[in-house]
Amino acid sequence: MGAPGLTTEQVTERVAEGRTNAFTADASRSVWTIIRANVFTLFNGIVFACFFVLLVLGRWQDAIFGLAAFANSIIGSWQEFRAKIALDRLALLNTAPARVRRDAEEAEVPPSDVVLDDVLVLRAGDQIPADAEILDSRGLQVDESMLTGESDAVDKRPGDEVLSGSIVVAGEGDARVSRVGADSYANRFAGEAKRFSLVSSELRTSINRVLTWVGWGIGPIGLLVLNAQMMVAGGWATAIQSGTWVQAVVNTIASLTAMIPLGLVLMTSIAFAVGAAKLAGKQVLVNELPAVEGLARVDVVCLDKTGTLTMGDIAFDAVHPLDAPQGWESVLAWYGAAPDANATARCLREPYPLEVPVQAVADIPFSSKRKWSAVSLPSPAGTWVLGAPEMVFGDAATTQDTALGRTVTQLAASGRRTLVLGYSPAALTAGQVEDELLPEKVTPAVVLTFREQVRPDARQTLDYFHRQGVGVRIISGDNPSTVAAIAREVGLEVAEGYDARHLPTDEAELGRALEEHQVFGRVTPEQKKGMVTALQARGHTVAMTGDGVNDALAIKTADIGIAMNSGSPATKAVARLVLLDGKFSHLPDVVAEGRQVIANIERVSMLFLTKTVYATGLAILFGLLVMEFPFLPRQLSITDGLTIGIPAFFLALMPNTQRYVPGFLRRSLSFAIPSGIIIAISLTLYTRGAMALGAHEDELRTGATIILAIVGIWVLTVLSRPVTRFKVLVIGAMFIGLVLVFTIPLATEFFQLVDPGEDVAWLLTGIVILAIGGIEVVRFVHRRYVAKSLEAPALTR
């Protein structure tokens, strides 16, 4: 029975004293983190500083870009808040309970309700909720790799410490809680305890790199532009005395704010948050928002058979006696009734009910690594071993030369799971129990078969992956023939499964085997992890699905770990995504959502980066040539909003199924840099030409705004190809908006837009045609460059 645990009165007393395991460990980013990420940034600081300078100077009309920055921050925060609320609600509803013993009775309580000195009842698949000391153990093994980095499971004996956040991978035991809440090991290291972390995200990394470049350049470029504007105003001394320094400052602010790709950060946050919220609506819990991006990069999906391709509900099928001693039925009844019985063993309870409880003389609990368990009973005497035929009897279970081999291979080929009950007349010794060794002279007694129901949506889901160029690898601990039969049932053309006992240990050779074969059986948890690592070493982005504790290591190692909600608490804890309703058919939705996010952000980023490049180019050119900046801040707000900001919002959320290939920033800049340079040079040439024609200041600025508006709309159109009906509506609405701004008297007065005159009109027309022609050439070259970069090798189906 073990330690009786605390009494109800003792639990109440500890709760009153605050000695509970309550600890706020967000499943998503905290409110403060979201606000800080969307509001308190370097560029928001620069924008808001410029905004307040213009207000102080009385130029509120030119400060409207500040309102856009405020809106960006509010919209970005609000979208992430909505996603956080949805994800937190799902995480709360799906938190695995802790098993404790109180008043000598087992009970399940929320992890936060565990109190100091509680007795935890630990079984395989549990995630330990608080630090504790082992009181009793039977084959107890704990994986502490999430906390210590050590990948090997650790044997735990009475007196040993177990840490919160670690996973029970084998055996069972009792442990008394020694530290709770903020004092526990995991919670003292917030970075390890928080379920939310920024997963590997090329999108975020690339955008942060651009922001760093701009951040370093904005200071010296700002001084260069300010000096040029003061020189244009007659020199520093004259400008300060005459008051023309105000316009110089306004021009400088216009050039600086144009350089900052503020909306790009907003669009990325919105795309992540909306993607996660949409998946939540489809019963997919996203533990980390940037994991949505990782989905787009996946090119190999490793599937655990049980619970993924099959329903996970295992049903007893039949027994096939070989040379069975008397009493084997009572042995099966003992295995079915054992408190640590796994799902397969529990299937034996109905056909073989335990009528009288039997105390084992000695036993070795089941381990997913060994794939067998053993027990010595007082009657029938001797030792009985239940496990995978190949793991107990080796090659004798796979050859046609033995009765066992013939029976197992025939049954496995039909798609049924097989176990063998072996018998040895010798009882387990203390040394064999300690070292987890099989007894001597084990002979096969009975072969047992179990059936699994294949998920009805499995075939169409695998067909989707095939069409999308995503490789599929089925990895299971079952007999290779059984796994191959299930694979054929869901549409994979495989003759037989690969026996993982013969897999090479060298990573390079293992990677080659994974390229050549699709179905693997008798895979151990360590091998599952090694297979994921080998695929990653060959340049693949790997998703791993599973539901058992034996999948936890591989799911944690994979680029994107996906757990079924029916799985063990440990597996769900390390997964990036949890399929709450267990529907395998959600995986195409999950992959499609990730692809939509990153493909659209790549398109949108080219808009924003083109603007950053031409704004930087203009600032440098006009600074070096000592020319007056050809825009007011309010005029740039027109082009920013109608050619970039507003349409980008729609483009970022459109359907897009293109599989992502690394190189996002390189591909984006390969369009943005030449296009931005063309626009900057075009505006510089126009300004020189307009000045030569004697255009007034307002005429020159109006012409520059017209050029930037038309060319901006053209860049938007180019990047929107192929143009759909929806895109036509968006682009058309933006063009109509520009026409209205340039024709409605109230708008022209506010934005200081005038008739540029016939000569300037001809000049700007020629400049626009040249700029558009240059951008078309850039896009032509860019599309071929992108097509070449997207030619990535994909695994065969």
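Is N251 buried or exposed? With a relative accessibility of 2%, N251 counts as buried, where buried means under 20% relative accessible area, exposed means over 50%, and partly exposed falls in between (1.4 Å probe, protein chains only).

A quick word on the ground rules. This is a predicted model, so local features need pLDDT of at least 70 and side-chain atom pairs count only at pLDDT 80 or more, while totals for chains, interfaces and linings use all residues. Residues are numbered from 1 along each chain as its sequence is written, and side-chain values use heavy atoms, with hydrogens and water left out.

**Around N251**

N251 sits in helix α10 (residues 245-259); helices (H or I, at least four residues) and strands (E, at least two) are DSSP runs, numbered from the N terminus. Its side chain makes a polar contact of 3.1 Å with the side chain of Q229. A polar contact here is a pair of N or O atoms within 3.5 Å; within protein, one must be able to donate a hydrogen and the other to accept it, and residues adjacent in sequence count only if both atoms are side-chain atoms. Skipping residues up to four places away in sequence, N251 touches Q229, E628, F629, F631 and R701, with contact meaning heavy atoms within 4.5 Å.

| Residue | Relative accessibility | Class |
|---|---|---|
| C50 | 9% | buried |
| C347 | 15% | buried |
| L404 | 5% | buried |

L404 lies in helix α17 (residues 403-413). Among the residues it touches, not counting those up to four places away in sequence, are L322, F393, P444 and V447. Its C-alpha atom is separated by 34 Å from that of M564, 160 residues apart along the chain.

As for the cysteines, a search of the whole structure turns up 0 disulfides, taking a disulfide as a pair of cysteine sulfur atoms within 2.5 Å.

F43, N44, V47, F48, C50, F51 and L54 are its buried residues. They cover an arc of only 155 degrees around the axis, so they end up on the same side of α3; the arc is that of the directions from the helix axis to the C-beta atoms. L42 and V56 are exposed on the other side of α3. After α3 comes G58, with a positive phi near 80 degrees.

Helix α21 (residues 507-516) has L510, G511, A513 and L514 buried. Their arc is only 160 degrees around the axis, which puts them on the same side of α21. The cover over them includes β16 (471-475), β18 (519-521) and α22 (525-537). At the N-terminal end, D506 caps α21, with a side-chain oxygen 3.2 Å from the backbone nitrogen of A508.

**Nonpolar cores**

The largest nonpolar core has 134 residues, and L309, L462, F465 and Y686 touch the most other members. Such a core is a set of buried Ala, Val, Leu, Ile, Met, Phe, Trp, Tyr and Cys residues joined through side-chain atoms within 4.5 Å. Helix α25 (residues 586-624) supplies the largest share of this core, 16 residues. A second, separate core of 28 residues includes I167, V542, V574 and V578.
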